[in-house]
Structures are given as structure tokens and as C-alpha cells.
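Here is a short briefing to read alongside the model.

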Amino acid sequence: MSSFEALEQLHHQALAELVDAATTEALKGWEDRYLGRKGQITQQARTVGQMPKEARPAFGRRVNEIKTLLEQAYETRLAEIRNAELQTQMTREAIDVTLPGRPMVPGHLHLTIQALRELYDIWAKMGFEVYEAPDVELEAYNFDLLNIPEYHPARDMWDTFWVKGTNDQQAGDRRLLRTHTSPGQIRVMRERYPEPIRVILPGKCYRYEQITVRAEHQFYQMEGLAVGRAITLTDLIGTVTQFSHLYYGADRQVRVRSSYFPFTEPSVEVDTQCILCGGEGCAVCKYTGWLEIAGAGMVHPVVLENGGYDPDVWSGFAFGFGVERPAMQKYGVEDIRLFYGNDLRFLRQF
Ligand code: FA5
């Protein structure tokens, strides 16, 4: 077979194989085999030098023609294959718009957040602004400046989580997770002096205590503080009564009992008529007809002084409500552990 015949045969063979190449990878192999540096057409071009002189121009021209024809055929085939691959991909990924949609499951606010927001609204109506104090607190603010020195037995009322690495600090400078929101009283007084104060201090509190149906180791409190020049116990009673009417309903009576807190004098506990039995007596109120809703009292002169306010000129009241327990009463929740147990069956009810 002459070199020309062999060249034509190669041409036809290449075209036939090109039709069989059905993927971009197969096509790449074909290109390497015929047009690549070591490809057969390229090899043919290299044989020109060994041919008789008179045959060289015609052979060389034909090799170049075939090379160009194969390159064009290659481009056309490549476009076909790419198109076919795209079609396959589009079919595979096609969205069936007739399928029913997946329903969105919208989240909603946690019961505690709902309760907090309701409380903010009520206290805002009564002229109290929100003051935020830190969760990680100095021992001095949580205890000493609230008239609870280190030796004071009342420290046992609040079992404390201490912050690791700060217990070699001087007493008072040690850090802890606040056991109540009352340390915010000192912060707001020191910041606002000599202005009168009317704030609520909401926040999470932490106690190293046994978890029960009524007690968590993390829970919210809503502190309140009013400081002015002629504030009396009557103002406190009027304020908490008004609050109770707005939160629980105007038909619930409120009563105040004597109590003890180191940072108030006198100190009281505030009770409201049991929301479930209306005062008749039931298991929730332990058959007393009353539920405790807050600790409160007139700000102790020592605490006023620690806040920078002269107790001979200024007076004030403070109160500390729980947030979860009142919400439990209001919504009939029997176990505080449900709040943070992350059981959606419970949370979705509110
Ligand atoms: C105090 O924490 C005082 N600081 C309140 C106070 C403020 C008194 C200002 C006077 C003036 P007490 O420890 O009673 O008080 O807590 C107040 C409220 O926090 C309780 O009535 C209760 O509703 C809530 N509470 C206390 N411990 C827990 C707990 N472990 N889990 C859930 N709620 C709790």
C-alpha cells in the first residue's frame, strides 16, 4: 500500500472512530491518538522528509488537509457531545413543578422569652425602663455591697457557681455567676446618681442547687428598683399590686407578708391569690389559696449608701420576681424542667 493510500485509510479510520466517541473523555483519547504530539496524523507529517522529493509537496499538502478536516470534525463532535451531556444533566436535575411542596416549619419564641416580653410591656406601662447587668458578676456586687458579708449566714440562701481561676483573688474581687439580679441594683445606682431611678433588671440567674419540679439551676428573675426622695412601703405595695392585676387579672387579690432579705428593710414576700383555684385551695397552692410571686422590701440604708445615695435624703423599694414560676402559674405548667428540656411537644403549645 502506498503512503497516500495509508494516509487516506487513516483518515477514514479516524472519522469512523470519532463517531463512536460518545463522551468528552473518549474524545480526548481520540484527539491524543490522531492529532496529539504523538498522534498518527502528526507522525505522518513527520514522514514527509523520508519520501522521494517529487512526492513530498502533494503528500505534505494532503496531510495538512486531513489534519484540518479532522480538527473541524473534532470540534463538531465535541459540541454534539457537550450538548448531549448537558441534556442528560438537565433531565437528571429537572424539578418536577407538579410535585407537592415541602411545608415550612416556622419556629416561634420560647415561652420564657414570651413571658419576659409580656413583663417588659407591663413594667413599661408603669414607667419602668429596662437596665441590663452582667451575668458574670463580682462577688462584691452579688454579696458584700448588698449587705451580705462573707461570714453572713444568708449567703447560704444562694448556692454559688464560682468562676474558675478567680478564687485566688481578694475576697470581693472573685467572680461568680450571679445568683440573683439584685447586684444590678448597685450598678444602676452608681451609674445614675444623683438622679431618681425607676428600672427593671431582667436576667438569667444561676444557683448550684438541686433541680426539682419548682427549681432549676438556671432561671430568670425580674428585679425592680425605684429610688427617690419620698418613696415608701405603700408605693411598693401599690406597685406590686398593680403589676399583679395587669399580669394575672384584676380579680386576683394580693397580700404582703413580713420576710427577711439582708438588702431590704423591712422585707416582705408578695403573694397573689392562687390563679388555678381562685383562692379556694388546691394542690398547686398547697391548699393555702395563695402563691408567692416575689421577694421585696425597702432598699436597706447600707445598700443605698453603697450605691452612692444618702439614706437620710433618699429612699427606695426593690423587688425580685421569678419569671418561670409566675409563667407556670399563669399557663398551668406543672414542672419547671419542661422549660429547658427542649421537648418540642411542650414548647409548641405556647
Ligand atoms: C432573691 O433572689 C432576691 N434577690 C429577691 C429580692 C430582690 C428581694 C429585691 C428583695 C428585694 P429569692 O431567692 O426568693 O430572692 O428568689 C426570687 C424568685 O426567684 C423566687 O420567688 C422564684 O420565683 C425565683 N427562683 C429562685 N430560685 C429559683 C430556682 N432555683 N428556679 C426557678 N426560680 C427560682
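Helices (H or I, at least four residues) and strands (E, at least two) are DSSP runs, numbered from the N terminus. This is a predicted model, in which local features need pLDDT of at least 70 and side-chain atom pairs count only at pLDDT 80 or more, while totals for chains, interfaces and linings use all residues. Residues are numbered from 1 along each chain as its sequence is written, and side-chain values use heavy atoms, with hydrogens and water left out.

**Around the ligand**

- A nitrogen atom of the ligand lies 2.9 Å from a polar side-chain atom of His 180.
- Glu 216 places a backbone N or O atom 2.9 Å from a nitrogen atom of the ligand.
- A polar backbone atom of Gly 322 is 3.4 Å from an oxygen atom of the ligand.
- Taken alone the ligand exposes 680 Å², and the protein buries 94% of that (Shrake-Rupley method, 1.4 Å probe).

**Salt bridges**

- The count comes to 17 salt bridges, each a side-chain nitrogen of Lys or Arg within 4 Å of a carboxyl oxygen of Asp or Glu.
- One of them joins Glu 8 to Arg 62, with the closest N and O atoms 2.6 Å apart.
- That pair links distant parts of the chain, since Glu 8 is in helix H1 (residues 3–20) and Arg 62 in helix H4 (residues 56–92), 54 residues apart.

**Backbone features to check**

- Most residues other than glycine have a negative phi, and most peptide bonds are trans.
- The peptide bond from Tyr 193 to Pro 194 is cis, with omega near 5°; Pro 194 is found in the loop between helix H7 (183–192) and strand S4 (197–206).
- Glu 265 and Pro 266 are also joined by a cis peptide bond, with omega about -5°, and Pro 266 is found in strand S7 (residues 264–273).
- Asn 147 has a positive phi, near 70°, and lies in the loop between helix H6 (139–142) and strand S3 (175–177).

Technical notes
A polar contact is a pair of N or O atoms within 3.5 Å; within protein, one must be able to donate a hydrogen and the other to accept it, and residues adjacent in sequence count only if both atoms are side-chain atoms.
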